[in-house]
Amino acid sequence: MEGLMQQQPLLISTLLEHASRHHGATAVVSRRTEGGFFRTTWRDTAVRAHRLAHALDGLRLAPGERVGTLAWNTHRHLELYFGVSGSGRVLHTINPRLHAQQVAWIVNHAQDRAVCFDLAFLALVREILPLCPHVRHWIALCEDDRLPADTGIAGLASYEALLGTGTARYPWPALDENSASTICYTSGTTGPPKGVLYSHRSAVLNAYAAATPDAMNLSARDAVLPVVPMFHVNAWGMVYAAALVGAVLVLPAQALGGEALYELIEAEQVTFAAGVPTVWQGLLDHMASRELRFTALGRAMIGGSTCPESMIRDLQERHGVQVIHAWGMTETSPLGIVCTPKREHLGLAADEMVALCAKQGRAIFGIDMRIVGDDGHELAWDGKSCGELQVKGPAIVRDYYGNTEGSPLRDGWFPTGDVATIDAQGYVQITDRSKDLIKSGGEWISSVALEAVACAHPAVKYAACIGVAHPRWGQRPVVVAVLKPGAALGRDELIRFYEGKVARWQIPDDAIFLDDMPLGPTGKVLKSALRELVASRAPPRSPG
Ligand code: AMP
């Protein structure tokens, strides 16, 4: 028997139309890459997205064709999110921090027909231009009079001139909700990048789940700041979720340093912001150096890599900001696991609450999860058994774009490559990426656990642990640390700090200090660079 409710597809265009119609006067504030701010509303964002969709028709971009972006978080990127996907094309958000060769590979693999870019990436575009002959349209995200002369890019158009060719009312097509809306490539740390092709349905479902109280807890009373780039997994779904609830949306462009972020958060009275731990650390360092306080920020979502307990304490105890630790991947749309307490946790002592918040959290609606052992059998949810985290759900990847190597799924589950425990209440704790685990004398050591110890030292700003080849033990752990400004700490002192905190054989053999941590294109520690660095040094001493 068929239900008698209206059959309306879940479409990205409906998110924008909802925001425009029901929250039309609500602000959208964007830092401009060229300086200053662009202040607009959801209503006017919709008008510009309509113009863009018309203009894309004018460029004869067929339904399903890919439109690439090399852009920071700005109002123009926001319009592309809705105008490209809403009109039936596929938005391809490209990470501009990748090497030119890698960007070109991704553009060609996705078969982008148009690429829209911030002028800041003009040099990158010039490099990839000869490598990407199938791109028909290069569009600079700027006003016409800002287009530089002699770019060497034939037919280069300005975005604002293009928008001028469109009209303010576009009839969004009634697409199949399962049609592709967006493509995003994995960062390619374990082989060539892989394209994850989201659908309108998966994007809207993940936005619904992201907005719920036990996830981002978003509402029309929020001002939302996605510090996480819009080229990194749909800005963790925040753009769609902000439209869904009608929140004020604040976009930081390229100004991601502590001082600029603090000023933006205060000026726009941001109540919810999300980013990777390194971004939050920059913000907290700036605030500590000036003894600054937040006046409106209530919630900080931290994910992308493990959030250290020291950061949770700083934000929660010193600044009164609720930390929402979250886990996700390009393949999970991305939001999958979020850490907020359950009713039974409300009486926890402060230290116990911090320990809970340091876990990655529990499954949001729309994701199922399990951990499996090496033999492929599901392991118990006892907080101790450790296995590969596998997930499934309507917003989880089924296959990669253009994949010729067989399904990535195992028995219908997507293997994440993360190693985790799940406790009896359903809280996940990631103990490592499978490729980052350190195997010493046949026993596994969690690099995450070793990093947490180093980060708890008051002199340490960042720490990363890697396994270094060892003739007797296979691998031995080495800790690499960056100290806080003005702090002093010796190698032996840091190694001694581990005593009593981890098993004796797990204590790192060596401690190396760097001025800066090498970060990958998504702001995560680049362990491959650390491995190369450490491998070029003398072998570590054996444990006693
Ligand atoms: P990406 O696809 O670039 O977003 O990377 C996804 C990977 O980032 C996951 O598989 C995890 O290894 C890691 N990750 C994401 N969030 C967290 C978190 N909260 N804690 C630890 N690792 C995380």
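This is a predicted model: local features need pLDDT of at least 70, side-chain atom pairs count only at pLDDT 80 or more; totals for chains, interfaces and linings use all residues.
**The nine-strand sheet**

Nine strands make up an open sheet with mixed pairing, ordered E2-E1-E11-E10-E12-E13-E14-E15-E16. Strand E2 (37-41) and strand E16 (362-363) are the edge strands, and each pairs on one side only. Within this sheet, strand E14 (residues 322-328) pairs with strand E15 (residues 335-339) in the antiparallel sense, over four bridges. Ala326 has Val338 in E15 as its bridge partner. Helix H11 (residues 309-318) packs on the sheet and touches strand E13 (299-303) as well as E14. The direction of H11 makes about 140° with that of E14.

**Ligand surroundings**

The ligand is surrounded by 16 residues, of which Ala326, Thr330, Asp418, Arg433 and Lys524 are the closest. E14 supplies the largest share of this shell, with four residues.

| Residue | Ligand atom | Distance |
|---|---|---|
| His232 | oxygen | 3.2 Å |
| His325 | nitrogen | 3.1 Å |
| Gln360 | nitrogen | 2.9 Å |

Taken alone, the ligand exposes 500 Å², and the protein buries 91% of that area.

**Gln360**

Gln360 sits in the loop between helix H12 (350-357) and E16. Is Gln360 buried or exposed? Its relative accessible area is 3%; the cut-off for a buried residue is under 20%, so Gln360 counts as buried. Besides the ligand nitrogen at 2.9 Å, the side chain of Gln360 reaches the backbone nitrogen of Ile430, also at 2.9 Å. Leaving aside neighbours within four places in sequence, Gln360 is in contact with residues including His325, Ala326 and Trp327, Ile337, Val338 and Cys339, and Val428, Gln429 and Ile430. Thr306 is a further contact of Gln360. Among these contacts are Ala326 and Val338, the bridge partners noted above for E14 and E15.

**The seven-strand sheet**

Another open sheet has seven strands in the order E7-E6-E5-E3-E4-E8-E9, again with mixed pairing. Strand E7 (157-158) and strand E9 (195-199) each have a single partner strand, so one side of each is left without a neighbour in the sheet. E7 pairs with strand E6 (residues 137-140) in the parallel sense over two bridges. In E7, Ala157 is the bridge partner of Ile139. Helix H4 (residues 100-110) lies across strand E3 (66-70), strand E4 (90-93), strand E5 (112-117) and strand E8 (180-185). H4 runs at about 155° to E8.

Definitions and conventions: Residues are numbered from 1 along each chain as its sequence is written. Side-chain values use heavy atoms; hydrogens and water are left out. Two strands pair if DSSP finds at least two bridges between them. Contact means heavy atoms within 4.5 Å. Axes are lines fitted to C-alpha atoms, for helices over the stretch in contact, and angles run from 0 to 180 degrees between N-to-C directions. Buried means under 20% relative accessible area, exposed over 50%, partly exposed in between (1.4 Å probe, protein chains only). A polar contact is a pair of N or O atoms within 3.5 Å; within protein, one must be able to donate a hydrogen and the other to accept it, and residues adjacent in sequence count only if both atoms are side-chain atoms. A residue is near a molecule or strand if one of its heavy atoms lies within 4 Å of it. Accessible areas come from the Shrake-Rupley method with a 1.4 Å probe; for residues, only the protein chains shown count as cover.
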